[in-house]
Amino acid sequence: VGMDSGGSRPSMATETSEARKCNPSTAAALTTVLLLSIATWNVQGLSVHEGDLKIELLIIEQLANANIDICALQETKVTVAEERSIKNSKLILFDSQSRHYGLGFVISPRISRYVVSHERLSDRVAVLEVRMPTRNGQFKMFRFVNAYGPTSQLARTSPIQLNFFYRQLSRAIRVPSRYEIFLLGDFNSKLGTLSMSEVDEGVISQHVGRYGTGKRNSNGEHLL
């Protein structure tokens with residue numbers, strides 16, 4: 001999960017999700033997914049002129065070079081929803097009420113065939129659902145949540161917006177137990193270094209690594 005965004009490159013996380021081809025009658029229709037690579041990227045704006053896809057092409061090329069299967073995009077600054085295929089990758093852009101926001105997903109060619117649905121919950125939260133084959137030949141549902149949290153300054157001056165963001169986020173992560181869920185995005189949060197008491201208590205350290213840097217900010221407290 002990308003907590004702080006520099007906007008220059010995607011933050012990547014790799015999850016193993018092994019899936020072998022099913023019986024011969026269905027094997028031709030399936031891709032064997034041995035490694036699922038996911039990323040999040042605050043792109044700080046896509047192309048502003050209709051028909052100009054220079055930035056989108058650059059993003060998709062960089063993701064392809066890094067073998068990323070699913071990338072969550074934040075701050076696209078796109079106000080009109082759009083879905084298109086670029087170099088066989090699927091680009092999904094959600095509508096936004098403000099050019100300061102905008103969410104989207106890029107899905108690689110080998111995964112795009114498994115996309116079931118996508119939904120915008122707000123300017124700051126969107127979801128993507130994918131149904132992929134698993135090792136035993138069964139299909140499993142995956143939900144990818146894309147979140148773009150308010151800045152610390154906005155959270156302080158407008159706690160209503162912060163509370164609304166977390167309500168929408170809570171709604172997005174409510175899934176049936178059979179789902180695998182991945183939370184991606186730019187939370188504008190800094191978790192910092194865990195204190196010794198947090199490490200000893202073992203509650204937060206079950207979810208946060210011990211090698212963070214710096215001091216936790218108020219948004220980091222809210223995220224935890």
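Thr40 stands opposite Ala72 in strand β3. Strands and helices here are DSSP runs numbered from the N terminus (strands, E, at least two residues; helices, H or I, at least four). The model is a predicted one: local features need pLDDT of at least 70, side-chain atom pairs count only at pLDDT 80 or more, and totals for chains, interfaces and linings use all residues. Residues are numbered from 1 along each chain as its sequence is written, and side-chain values use heavy atoms, with hydrogens and water left out.

Strand β2 covers residues 36-42 and β3 covers residues 70-74; the two run parallel and are joined by five bridges. Strands are taken as paired if DSSP finds at least two bridges between them. Seven of the seven residues of β2 are buried, so this strand is largely enclosed by the rest of the structure. Buried means under 20% relative accessible area, exposed means over 50%, and partly exposed lies in between (1.4 Å probe, protein chains only). Leu36, Ile38, Thr40 and Asn42 point one way from β2. Ser37, Ala39 and Trp41 point the other way.

The largest nonpolar core holds 21 residues. Such a core is a set of buried Ala, Val, Leu, Ile, Met, Phe, Trp, Tyr and Cys residues joined through side-chain atoms within 4.5 Å. Ile70, Phe105, Leu128, Val130 and Phe144 touch the most other members. Strands β2, β3, β6 (103-107), β8 (125-133), β9 (139-148) and β10 each supply at least two residues of this core. Its largest share, four residues, comes from β8. Contacts of Ile70 (heavy atoms within 4.5 Å) were listed without residues up to four places away in sequence. They include Ser37, Ile38 and Ala39, as well as Phe105, Leu128, Val130 and Phe144. Another core, of 15 residues, lies apart from the largest one; among its members are Ile60, Ile68, Leu73 and Val78. In soluble globular proteins, nonpolar side chains tend to be buried together.

A search of the whole structure finds seven aromatic pairs. Rings of Phe, Tyr and Trp (its six-membered ring) pair if their centres lie within 6.5 Å; planes under 30 degrees apart count as stacked, over 60 as edge-to-face and the rest as tilted. Phe165 and Tyr166 form an edge-to-face pair, with 4.9 Å centre to centre and 70° between the planes. Both residues are buried. Phe165 also pairs edge-to-face with Phe187, at 6.2 Å centre to centre and 70° between the planes. Phe165 lies in helix α5 (residues 159-172) and Phe187 in the loop between β10 (180-186) and α6 (196-201), so this pair ties together parts that are 22 residues apart in sequence. Phe165 has a relative accessible area of 2% and is buried. Phe187 is buried at 2% relative accessibility. Elsewhere, ring pairs link Phe142, Phe144 and Phe182 into a cluster. The charged end of Arg124 sits over the ring of Tyr148, 5.2 Å from its centre. This term requires NZ of Lys or CZ of Arg within 6 Å of the ring centre and within 35 degrees of the ring normal.

The structure holds 10 salt bridges. Each is a side-chain nitrogen of Lys or Arg within 4 Å of a carboxyl oxygen of Asp or Glu. Glu61 and Lys87 meet in one of them, at 2.7 Å from N to O. Glu61 lies in helix α2 (residues 54-65) and Lys87 in the loop between β4 (82-86) and β5 (89-93), so the pair ties together parts that are 26 residues apart in sequence. Glu61 is partly exposed at 34% relative accessibility, whereas Lys87 is exposed at 54%.

The side chains of Arg110 and Asp69 form a salt bridge at 2.7 Å, N to O. Arg110 belongs to helix α3 (residues 109-112) and Asp69 to the loop between α2 and β3, so parts 41 residues apart in sequence are tied together. Asp69 is buried at 4% relative accessibility, whereas Arg110 is partly exposed at 25%.

Arg171 forms a salt bridge with Glu119, and the closest N and O atoms are 3.7 Å apart. The pair links distant parts of the chain: Arg171 is in helix α5 and Glu119 in strand β7 (residues 115-120), 52 residues apart. Arg171 is partly exposed at 39% relative accessibility, and Glu119 is partly exposed at 38%. A network of salt bridges links Asp95, Arg120 and Asp123.
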